[in-house]
Amino acid sequence: AWQPSENYEILLNYTLRDTEEFEDGTGNTVANTQSRMPSYLAKFKYSFGDSLEHSITAALNDSVSDEKDVAYDAFNTTSASFGNVDRRIDNRVAGVRYQWNPLDNDLIDLDVNLTYADQQIGQTYITGSASCDDGGVISSDPGCSYYGTPGDPFPSSTQDADHRYETTKLTAKNSMYFATGSITHDLRAGVEISRRKRLDASAAPGGTDNRVAVFAVDDMSIGNAWTITPAMRFETQDIEAHDGSSSYDNSALMGGISARYEFASGLALFGSAAYTENLPIIDDLGTPAYMTRPERSHTFEIGGSYAASGVFTANDALAVKVNYYDSRLWDITSYTSGYPVSVPLEKVDTSGFEIEASYSLASGFYTDLNATIADGEEYLSGTASRWRNLAADNARLTLGKRFGEAQDLSWEMVAAK
């Protein structure tokens, strides 16, 4: 990093991770375990204006991920059906950003960001790793009949397919701080334009996804107790197959609201409600029924917090926060029953508690506790079962002591169920 003057900032970084083939416990070399993963970052910022209220930033990032013998299904939604692959991912991101934040105008805090991302994924199937691959041929198991005749070569065109995604996005947003009577507003509003293009590949239809969205979030403070935050987003989409054989137009209005009331004692109560829609994606162009059915969800939260000092001894500090959430996902297209018959889930219900607590003393001793308790069910054909992506219940306890502002010694325990 280098700042030759107050107007110029330069950041350069290069990282190389180079690993050779490793040896197993008996000293034998394990083939195909080597990797070479370089990455670099170049960032330049120029600030100008009487009070440096304007700035232009340009950035370029290039990174490589080289994975060996990993699950083809990175989200683990299909068990071992597709087996494992060697996967190399090349990511390139370039961006230009303009910011304008005049010191004498609370109505202007402009941020315009243009980015281009190019992701290329190369994959090679690991023979014998799929559940129906018996050493390179289709297994005689009756459940594998949909792959073809037992004994024939196992088809792996899907696992061997290479992919490329190109995404261009322009986001312009402005933050304004103003008052209307007794209410102060911190309003953030903007527009987002994006274009995503995917290369056509086996079992992965190519196409172009063009979207335009407008959004606004307003943090409204009423007196010293109330904070109310409404949010809104309207999004339109034009998605087209790579060969122009089909196209779909969709739109969605989504939003939410949160409210918080803080008592003079340090106790606060809060709650929120949100409704969101996830518009169809390029992956689903091969399933016309999915292309006009966005995934929908709503989430409700309620909780309380307490923060105070001098609770047990002079100059100590205590903070506690407990939050309960309840969420439902429906019109699902991302999760199915799996093979041989792929049926989308009807709905997913999740709920749980999130707990945060901290206590510190003036001497530097402190304690932090974080815990989550979750429950969830997925529904298929009217039958409920445990949600496949449900996070484990977990707790994290930290005991430590700070020595001045530069040193911190701590012990941490993590438990999960």
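Which residues are linked with E192 in a network of salt bridges? The network holds E192, D209, R211, R233 and E235, where a salt bridge is a side-chain nitrogen of Lys or Arg within 4 Å of a carboxyl oxygen of Asp or Glu.

Before we go further, a word on the model. It is predicted, so to speak of local features takes a pLDDT of at least 70, and side-chain atom pairs count only at pLDDT 80 or more, while totals for chains, interfaces and linings use all residues. Residues are numbered from 1 along each chain as its sequence is written, and side-chain values use heavy atoms, with hydrogens and water left out.

R233 and E192 form a salt bridge whose closest N and O atoms are 3.1 Å apart. The pair links distant parts of the chain, with R233 in strand β12 (residues 226-241) and E192 in strand β10 (residues 183-198), 41 residues apart. Helices (H or I, at least four residues) and strands (E, at least two) are DSSP runs, numbered from the N terminus. R233 is partly exposed, at a relative accessible area of 22%, whereas E192 counts as buried at 18%. Here buried means under 20% relative accessible area, exposed over 50%, and partly exposed in between (1.4 Å probe, protein chains only).

In one of them, D349 meets R328, with the closest N and O atoms 2.7 Å apart. This pair also links distant parts of the chain: D349 sits in strand β17 (residues 347-360) and R328 in strand β16 (residues 317-330), 21 residues apart. D349 is buried at 18%, and R328 is partly exposed at 30%. Another salt bridge brings together the side chains of D66 and K68 (3.7 Å, N to O).

Now for the cysteines. The structure holds 1 disulfide, meaning a pair of cysteine sulfur atoms within 2.5 Å. It joins C132 to C144, S to S 2.0 Å. C132 lies in the loop between β6 (110-125) and β7 (133-134), and C144 in the loop between β8 (137-138) and α1 (157-160), 12 residues apart. The torsion about the S-S bond of C132 and C144 is about -80°, so the disulfide is left-handed. Strand β18 (residues 365-380) runs antiparallel to strand β19 (residues 383-386), and 4 bridges join them; two strands pair if DSSP finds at least two bridges between them. E378 has S385 in β19 as its bridge partner. With 2 residues between the strands, the hairpin has S381 at a positive phi near 55°.
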